[in-house]
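Okay, everyone, thanks for coming. Let me put the structure up on the screen, and then we'll walk through a few spots together.

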Amino acid sequence: MDHDDSHLSPQQRKVLRDKATETPGSGALLDNKQDGSYHCAACDAALFTSDTKFDSGSGWPSFDRAVEGAVELKPDNSMFMKRTEAVCTNCGGHLGHVFEDGPRDTTGQRFCINSCSLDFEDNAGNRTSGDTSQ
Ligand SMILES: [Zn+2]
């Protein structure tokens, strides 16, 4: 697939295209509690909604589910670990990983997502980039 990544910072490209992981606790959207939606920083697809975000204490924005069909899950056996990779269905961008230690009262899943791979849009249409390197 060919995507225009020219609007992305080097940090965002490293995460979204080279599957890097941002430093925990560094993301601009980590503690964001506003109502709105989270979009792929590369292609702008809507990936998560604010009502599924929770504070996991991990240092990365965490969600207990994704917008239906927006996030693809792939087995990831890199780094000598068995993990599940979360990928933007639309552009294939790497978002983070999914773990089975999420809130038990909802899905039990934790989508552990790099802040810099997200753009937040509040209900008034204001945008906040999750990337702090810009
Ligand atoms: Zn995308």
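This is a predicted model: local features need pLDDT of at least 70, side-chain atom pairs count only at pLDDT 80 or more; totals for chains, interfaces and linings use all residues.

Six strands make up an open sheet, and the order to follow is β3-β4-β8-β7-β6-β5. The pairing there is antiparallel. Now look at the edges: those are β3, residues 53-54, and β5, and each of them pairs on one side only.

Let's stay with β3 for a moment. What joins β3 to strand β4? Two bridges do, with β4 covering residues 62-63 and the two strands running antiparallel. If you want a residue to look for, find K53, which stands opposite F63 in β4.

Next, the loops, and two residues with backbone angles to point out. Take D44, in the loop between β1 (36-40) and β2 (46-49). D44 isn't a glycine, yet its phi is positive, about 75°. Is D44 buried or exposed, or in between? Partly exposed, because it has 14 C-beta neighbours inside 10 Å, and partly exposed covers whatever falls between the 12 or fewer of an exposed residue and the 20 or more of a buried one.

Then there's M79, over in the loop between β5 (71-76) and β6 (83-88). M79 also isn't a glycine, and its phi is positive too, near 60°.

Okay, that's my tour. Over to you for questions.

Conventions
Residues are numbered from 1 along each chain as its sequence is written. Helices (H or I, at least four residues) and strands (E, at least two) are DSSP runs, numbered from the N terminus. Two strands pair if DSSP finds at least two bridges between them.
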